[in-house]
Amino acid sequence: MEGASLDQPTREQVARLQQQLQQLDGRLGVAYSGGVDSATLTALAVDALGSGRVVAVMGVSASLAASERELARATARQIGVELVEVETHEQDNPAYAANGADRCFHCKDELFTRIDDELVARLGLVAVAYGENADDALRPDRPGSRAATDHRVLRPLADVGLTKHQVRAVARAFGLQVADKPAAPCLASRIPHGEPVTPEKLRQVDQAETALRAAGFSDGRVRHHGSIARLELPVEEFCLLTDPERRRALLAEVRAAGFAHVTVDLAGIQSGAFTLQVLNRRPEGEGA
């Protein structure tokens with residue numbers, strides 16, 4: 001890592017994080033998705049402990065987009081860390097499938113339970129960590145954080161106060177290919193809370209979002225509203241839809257995924273919108 005490319009506060013926070021990891025007496029497991037937070041934490045751990053004392057653990061289910069799985073594998077190879085993929089079965093849990101605002105809790109709880117039951121002893125892990133950063137710690141729409149607390153999972157990035165902006169800076173210092181990668185929440189986040197999560201809906205979303213990338217959009221969400229696909233796109237890229245051929249091809253591909261109607265949300269990309277709507281909903285009879 002080129003520490004000179006980081007400002008002094010970030011270098012100090014990184015040094016403190018790595019010193020804390022070096023106090024571990026054994027191997028560290030990192031709950032790994034391949035996004036910038038978990039990848040940066042993994043790279044910092046490998047830098048501090050050596051590749052032999054770090055293992056990245058990725059949960060695999062229908063909620064993980066195929067493209068995200070391949071990118072995560074490539075990033076693990078770049079970091080030089082052992083990657084273990086564990087099949088998770090959160091969709092067998094009625095509380096997860098019901099898709100309440102606490103869906104992410106059940107997903108993370110399933111992953112951490114699998115790690116505890118199947119991997120800790122086999123891989124000789126003395127601790128497990130995940131990539132919550134300091135910004136995440138302040139957000140109300142992170143029920144997965146409760147699962148981490150229940151399973152005593154470490155959150156080194158948040159503990160030393162590294163924000164998302166700083167995490168990206170550290171990722172660039174490592175030269176990670178995901179340093180500027182947009183956030184990519186699991187496919188289930190595209191389904192409104194209260195609407196059941198099913199493998200078929202997840203397949204539709206994955207296929208339609210693959211079409212978005214093929215159409216040249218740098219980011220995007222396909223929100224599943226039954227027969228309607230609501231596309232959330234970067235506002236600055238709306239202009240791509242003025243190309244008739246591109247628009248027709250995208251429409252055909254999204255319809256082929258199983259949607260009868262395709263709309264574009266003029267608000268653009270709205271991270272965590274479904275969960276925040278639920279959390280901010282006022283009790284019945286309270287004001288207008």
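Before I start, a definition: a residue counts as buried under 20% relative accessible area, exposed over 50% and partly exposed in between, with a 1.4 Å probe and protein chains only.

**Ground rules.** I am looking at a predicted model, where local features need pLDDT of at least 70, side-chain atom pairs count only at pLDDT 80 or more, and totals for chains, interfaces and linings use all residues. I number residues from 1 along each chain as its sequence is written, and side-chain values use heavy atoms, with hydrogens and water left out.

**Gly194.** Is Gly194 buried or exposed? I found it exposed, with a relative accessible area of 52%. Gly194 sits in the loop between helix 8 (164-174) and helix 9 (199-214); helices (H or I, at least four residues) and strands (E, at least two) are DSSP runs, numbered from the N terminus. Setting aside neighbours within four places in sequence, I see Gly194 in contact (heavy atoms within 4.5 Å) with Ala98 and Asn99.

**Strand 6.** Next I looked up strand 6 (residues 228-232): four of its five residues are buried, so the strand is largely enclosed by the rest of the structure.

Which way do its partners run? I count strands as paired if DSSP finds at least two bridges between them. Strand 5 (residues 221-225) pairs with strand 6 in the antiparallel sense over five bridges, and His224 stands opposite Ala229. Two residues lie between the strands of this hairpin, where Gly226 has a positive phi near 65°.

On to strand 7 (residues 261-264), which pairs with strand 6 in the parallel sense over four bridges. Here I noted His261 as the bridge partner of Ile228.
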